[in-house]
Amino acid sequence: MNKGLSIPLLVLLYFTGFTVAVHADDIRPVMVDSSAIYSLNGHIGYYEDTTLEATPEDVLAIKRTGGLIPINGDEYVSLGYTDSYYWLVIDLKNTLADYVDLFLSIPSSSINLLELYQWNAGNRTLTFVSRTGDRLPFAERPWPVWEFLFPIRLNGGEASTLLFKVDKRGQNFIIKTQLGRREAILQQDIPIYSAFSFYAGIFAFALLLNVLMYLSVGDRIHLYYSLYICCSVTLVLDEVGLTKEWLFQDLGRLHDYVKAISGTLSCALLIQVMQLFTNQTAANSKLYHFTNGYKYLLWVLGTMPFLALLFPIDIRVEKAIFYSATIQGIVSMLVIMVCVIDRIRSGFVLGYYYLLALLPLTIGGINYVLQVMGIVGAQLLKPNGVVVGFAAEVVILSFAFTLRYNFLKREKAQLKKENDRIRQQAVQQVFQAQEDERDRLAKDLHDDLGGTLSVIRLKVTDFQQKLNGMQLIEREAYDETVRLIARACDDLREISHSLKPKFFLENGLIGTIKERLSILNRVSAVGFEFVYQYTHRQDYDTELSIYRIVNELINNIMKHSCATQATVQLVETADMLIITVEDNGIGFDDLSTSAGIGLKNVYSRTQYLGGRCLIDTNKNGTTITIEIPLQDDGNQST
């Protein structure tokens, strides 16, 4: 091998924890003394039974001929996926005169079946000790804990050989063996339980938080993330062997697929969360349809192991499920990262937080997958890459959810502001169109109909010199005709003034209202009083809109109120103009009348000016109060 390549390769193998099995002629026995824990480095050998038919006697014969492969090192032994049985062999020699009670521990995450045999070299007897595994009920374990513990007693000076038959077919063969006194072995579990209790607290808090958030705000992202936490916690617990103890103590064969089911569904749910978090749609991402299709494929793959339970155990099916669950884990991380980067490039800045949350999960997940495949044997993150990565992701993503809500709130506020601007612009255009139409109608009435009425009035008055020759009844008819023509001219002048008050720009809001009420007090049956405190002129459009509101309310009084007295008040405060129009009429049903065109115009213009309208009506009269915020731009006083 090229020397330049061999050195980096050896360094890589060292840091990834690659386990190399070296053949040896014999396995050194463990010398049992008063120690609490015994190192098994160089004391364990294994044999791969590809025929699935080897017996304990066969393995002993292979051991005598030096056919076992030593396991060097106390770390995990990772041999990747296996279709075979493995036999682990350990020689023990009690150097003490008294008996010794030991615990043999195999802290593996999952083993289908595990059988322990003990060969006594003194009386040359082979004894079956115990049988356990994930396919058997938890209550049948030799010791009721998450790992596989076997109590072993060695008499004084006894030499024994322990033979383990390990069935991990359809899974990855990752295993570690420990030997020590009962108290020392059990004490090693305390930090493990403490660590996973700590992580369980984080997951439980995140789950409760997201459930409450879903119930309070109804955002689907919290529902999917809650389901994701449940699936991921199941995966994590199964990975460290706690599923059997804490969740499902008697799943039988289904326990073989817990990891594949929970892992696949976790990936599908995480993609769904990513799509909701980044607001990925077909409109803003070209990857949307591909991501959706891959997500639905994961849903299907997550349910496939349940179908496998309907048929006898087939190692080919087990192998397919194993590799499918392993490969889709890496593919899912890549799909999520590519989609998030795509949304970041589209301007979604919160995608950086999502990438940050995925980083520890991706590192831990890749390390886990490489270990499962037998490529590396060490855990980069303790106690487990998946556990640490998942916990870090939960913490960071929970913080990112808060930022997402603030981001959506700002985006919603900005969108509302833009919609308000567009709506205001549309209303302004409508009002401008109305004013243009009023100008046209006022001009047509004045120039055409007004001129015609004037000519008619002149023509009729020409007959005044012939009044002496008329009879009394004819003279009365003539006088009535002249009065009607005069009234028509006054009405026309009033309508024209209402459509487009003359000299509004010069007279301003107060002067125009005064002129309008003065005319009405001469020609109508309602007596109007005008009270005002208005010191600062507003812009032309604002004052015209206020005049239209007041004029609409005045017209409603004249047409519908049957009132004899009415008061119009304009009171200006520091930042508000309060308009109050009240009468002593018969009132109205505000629920039905509010749908009329007149009040709709009042509401529309009030809303356009950013104000609010209050109505108090009964059979004794009506009071309408309108509050309009004013902008003091330093305009001149009236």
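**Entry 1: the nonpolar patch**

I began with helix 3, which gives the most residues to the nonpolar patch, namely five. I took helices (H or I, at least four residues) and strands (E, at least two) as DSSP runs numbered from the N terminus. The model is predicted, so local features need pLDDT of at least 70 and side-chain atom pairs count only at pLDDT 80 or more, while totals for chains, interfaces and linings use all residues. Residues are numbered from 1 along each chain as its sequence is written, and side-chain values use heavy atoms, with hydrogens and water left out.

I then listed the members of the patch: L208, V211, L212, Y214, L215, L223 and L227 make a nonpolar surface of about 610 Å². Helix 3 (182-217) and helix 4 (220-239) are the elements that give two or more residues to it. Patches are made of residues with over 30% relative accessible area and no salt bridge; like charges are joined within 9 Å, and nonpolar side chains (Val, Leu, Ile, Met, Phe, Trp, Tyr) within 5 Å. Accessible areas come from the Shrake-Rupley method with a 1.4 Å probe, and for residues only the protein chains shown count as cover.

I looked up L212 in helix 3. L212 is partly exposed, at 49% relative accessible area; buried means under 20%, exposed over 50%, and partly exposed in between (1.4 Å probe, protein chains only).

**Entry 2: the whole chain**

I noted 15 helices and 18 strands in the chain. Of its 638 residues, 45% count as buried. The chain exposes about 32600 Å², of which carbon and sulfur atoms supply 59%. Among contacts (heavy atoms within 4.5 Å) with a separation of 6 or more, residues 24 or more positions apart account for 75%.

I searched the whole structure for disulfides and found zero; a disulfide is a pair of cysteine sulfur atoms within 2.5 Å.

**Entry 3: K168**

I located K168 in the loop between strand 11 (159-167) and strand 12 (171-175). A salt bridge requires a side-chain nitrogen of Lys or Arg within 4 Å of a carboxyl oxygen of Asp or Glu. Leaving aside neighbours within four places in sequence, K168 has contacts that include T82, S108, N112 and F173.

I found S34 in the loop between strand 1 (30-32) and strand 2 (37-38), exposed at 64% relative accessible area. Beyond its neighbours within four places in sequence, S34 is in contact with L96 and R181.

I found A357 in helix 9 (residues 351-372), buried at 1% relative accessibility. Beyond its neighbours within four places in sequence, A357 is in contact with E393, I396 and L397. The C-alpha atoms of A357 and G389, 32 residues apart along the chain, are separated by 8.7 Å.

**Entry 4: positive phi**

I recorded that most residues other than glycine have a negative phi. R124 has a positive phi near 50 degrees and lies in the loop between strand 8 (113-120) and strand 9 (125-132). N279, also not a glycine, has a positive phi of about 55 degrees and sits in the loop between helix 6 (258-278) and helix 7 (288-308). R124 is exposed at 58% relative accessibility, and N279 is partly exposed at 45%.
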